[in-house]
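Here is a short briefing on one protein chain. Look over the sequence and the fold, then work through the points below.

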Amino acid sequence: MASEPLYDVIVVGSGAAGGIAGYVLATQGLKVLCLEAGRMIDPAKDFYTHKFPYEWPYRGGGKPGQYGHLPQGMEWKIKEWTDHLYTIPDQDPYALAPGAKFTWTRLRAVGGRTNVWGRGSDRFGPLDFQPKTLQDGWGDDWPIRYEDVAPYYERVEQLIGVSGSHDAAVYNTPSGEHLLPPFNARCGEMLIKKGAAKLGIKVAPKPLAVLSQPYGGRPPCHFCGACNWGCDVSARFSSLDVLVPKLQHLSNFELRTNSPVHTILRDPGTGKARGVTYIDAATKLEYEAYGKTVVLAASMVESIRILLNSRDREYPSGLGNSSGTLGHYLMEHVAFNSLEGFFPQLAGRPVTNDDGPGESCLYIPRYNYGAKNKKYLRGWRFDFYTGCGMGPGPGAAFPGFGSSYKQKIKELYPAAVSMSGYGEGLPFYSNYVEIDPDGLRDRYGIPQVRFHTDAEYPEALAILDDMYGGIEEILKASGAEIFPYKKVAPYPLGSVTHEAGGCRMGSDPRTSVLDEWNRCHDMKNVLVTDASCFVTHPEKQTTLTIMALSYRAADHLAEEFRRGNV
């Protein structure tokens, strides 16, 4: 395309990482092209936030067999509310090596997975960036420290609006200085807080990217509880609602939708990246876009896939892969099914609207620092959910029929409680992704990936066992009755959509892909700012850290442009 302009930066992806990178770079005057694989979303038409199950033909679950076989951890994501947003795996499959499991959640649209994310916004702490040095001597430290990222956590929190409490900070779970007020806890959450206090365990307000009061021209949450299906009033953060509107009026920013990126173009004379190739999703034709730098922010798997597909004579195993670590060290939280029960003291009380901000208002940060005789590394955090919601409550799972059965459901409905957690996932070279050697391609003809991943490693099994025990102890101390349950194996990597790693940061080019500014060691004008850059995967949720790292990398890149170093 001879008429294609030369951009300062091409940003691939418009979600958590791409939206932030595009915002930082464009508002600092750089000429930015943002390539998004999916379409533009209209919240008024594409989000069904106020639609009840009985209004759907199949009560929200979809026609039997409609979604094919959904991998574990995806069955609660793809519903009639959202099936037009997510990529259904059977319709665009990826490959698994024998014995491997991976749940790859794809949402190709402007804003990416921030359109339906969980909104938890806890920061990584100092120990999380230096676990080898400060915790247990295992694994690797990041090439950066908490102090390097803290200013960018603050900037992101103020940009997107996070509700929480600065006074509630606990050990190694820092809290921002300018958070909005926390949400009021539900009755059952207060019971858990009192029960945990008996055990010396701190329960804190959960930091949420949901507005508890008007902020930045956006209204506060109106407590419909449907955030996982989108938000049609912008009360919770998404890149679509908050960042894109700030960019679309800028003459130096261009958003090009329906443009999945295939490869990075390299200038053989300079050895630098000179742009990307991308597919027109409608015509399936391939085009080129040219830029002085490329920022990959397409989500973990997609960014790795682009680098692997960009192999050439100099980089036969993938662009930026001179270390041989590209695609390796994939991580995910140790996750499992929740334990469920009810509070006898709440049974039979009047039904109230407990939807709240679509999430629990309290949570239990990691509290097992310094614990002795552990059979595993690191630790976990717990989340719990209580009160009346859109579902029928705990009694619906009981056997029965008739008026007495209905009465039991009504009695237990306002007393429900469930509790689960996230344990730290560990990085292993053996958990990796590659381009499928059998030639599988996606719907656009781009070579597809194959996963070699196993979540059932000894440390994960051991931490899971302790997590079950910890939940039982806290629920019993809170006065809850726990329903019978069976312990399960850790969910597959990717199942809670917190996958990370595969393009790790590091100081040594021989053992990492990126430097401390998220630049490829092999090609300094290619940056990767999504969760693939992670070195560790602590128990915290990942999105706030993705955005903080992307902000930091983009801010540094803008400064390099000002200095003439690009």
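Start at Ser234, which sits in the loop between β4 (204-205) and α7. Keep in mind that this is a predicted model. Ser234 has a positive phi of about 65 degrees, although it is not a glycine. Is Ser234 buried or exposed? Its relative accessible area is 17%, so Ser234 is buried, because buried means under 20%.

- Arg378 is a residue other than glycine, and its phi is positive, near 70 degrees.
- Find Arg378 in the loop between β10 (362-364) and β11 (380-386).
- Arg378 has 2% relative accessibility, so it counts as buried.

**Helix α7**

- Helix α7 covers residues 239-247.
- How many of the nine residues of α7 are buried? Seven are, so the helix is mostly covered.
- The buried residues of α7 are Ser239, Leu240, Asp241, Val242, Leu243, Val244 and Leu247.

**The overall fold**

- The protein has 11 helices and 16 strands.
- Its C-alpha trace spans about 75 × 55 × 50 Å along the principal axes.
- Why can the fold be called compact? A compact globule of 566 residues would have a radius of gyration near 24 Å, and the protein has 23 Å, which agrees.
- Take the contacts between residues at least 6 apart in sequence: 72% of them join residues at least 24 apart.

**Inside and surface**

- Buried residues make up 61% of the 566 residues.
- The accessible surface comes to about 21900 Å².
- Carbon and sulfur atoms account for 51% of that surface.
- The protein carries 59 positive and 63 negative side chains.
- The centres of these two charge sets lie 2 Å apart.

**The nonpolar cores**

- In soluble globular proteins, nonpolar side chains tend to be buried together.
- The largest nonpolar core in this protein has 94 residues.
- Which residues have the most contacts inside that core? They are Leu25, Trp142, Ile264, Leu307, Phe451 and Phe534.
- Helix α11 (residues 543-563) gives the largest share of this core, with 11 residues.
- A second, separate core has 36 residues, and Ile201, Leu362, Tyr468 and Ala480 are among them.
- Now zoom in on Ile264, leaving aside its neighbours within four places in sequence.
- Ile264 is in contact with Ala273, Gly275, Val276, Val294 and Leu296, among others.
- Its contacts also include Ile306, Leu307, Ser310, Leu319 and Val526.

**The loop between α2 and β3**

- Gly61 lies in the loop between α2 and β3.
- At 38% relative accessibility, Gly61 counts as partly exposed.
- Not counting residues up to four places away in sequence, Gly61 touches Tyr67 and Glu80.
- Gly61 and Phe451 are 390 residues apart in sequence, and their C-alpha atoms are 28 Å apart in space.
- Gly65 is placed in the loop between α2 and β3.
- Is Gly65 buried or exposed? Its relative accessibility is 66%, so Gly65 counts as exposed, because exposed means over 50%.
- From Gly65 to Ser420 is 355 residues in sequence and 29 Å in space, C-alpha to C-alpha.
- Gln66 has its place in the loop between α2 and β3 (95-96).
- Gln66 has 39% relative accessibility, so it counts as partly exposed.
- Gln66 and His166 are 100 residues apart in sequence and 46 Å apart in space, C-alpha to C-alpha.
- Trp76 is found in the loop between α2 and β3.
- With a relative accessible area of 47%, Trp76 is partly exposed.
- Trp76 and Gly61 are 15 residues apart in sequence, and 9.0 Å separates their C-alpha atoms.

Technical notes. Residues numbered from 1 in each chain as written. Predicted model: local features only at pLDDT ≥ 70, side-chain atom pairs only at ≥ 80, totals over all residues. Heavy atoms only, no water. Helix = DSSP H or I, 4+ residues; strand = E, 2+ residues; numbered from the N terminus. Rg over C-alpha atoms; globule rule 2.2 N^0.38 Å. Buried < 20%, exposed > 50% of the residue type's maximum accessible area, 1.4 Å probe, protein only. Contact = heavy atoms within 4.5 Å. Areas by Shrake-Rupley, 256 points an atom, 1.4 Å probe, with all protein chains shown as cover. Lys, Arg positive; Asp, Glu negative; His and termini not counted. Charge placed at Lys NZ, Arg CZ, Asp CG, Glu CD. Core = buried A, V, L, I, M, F, W, Y, C linked by side-chain atoms within 4.5 Å.
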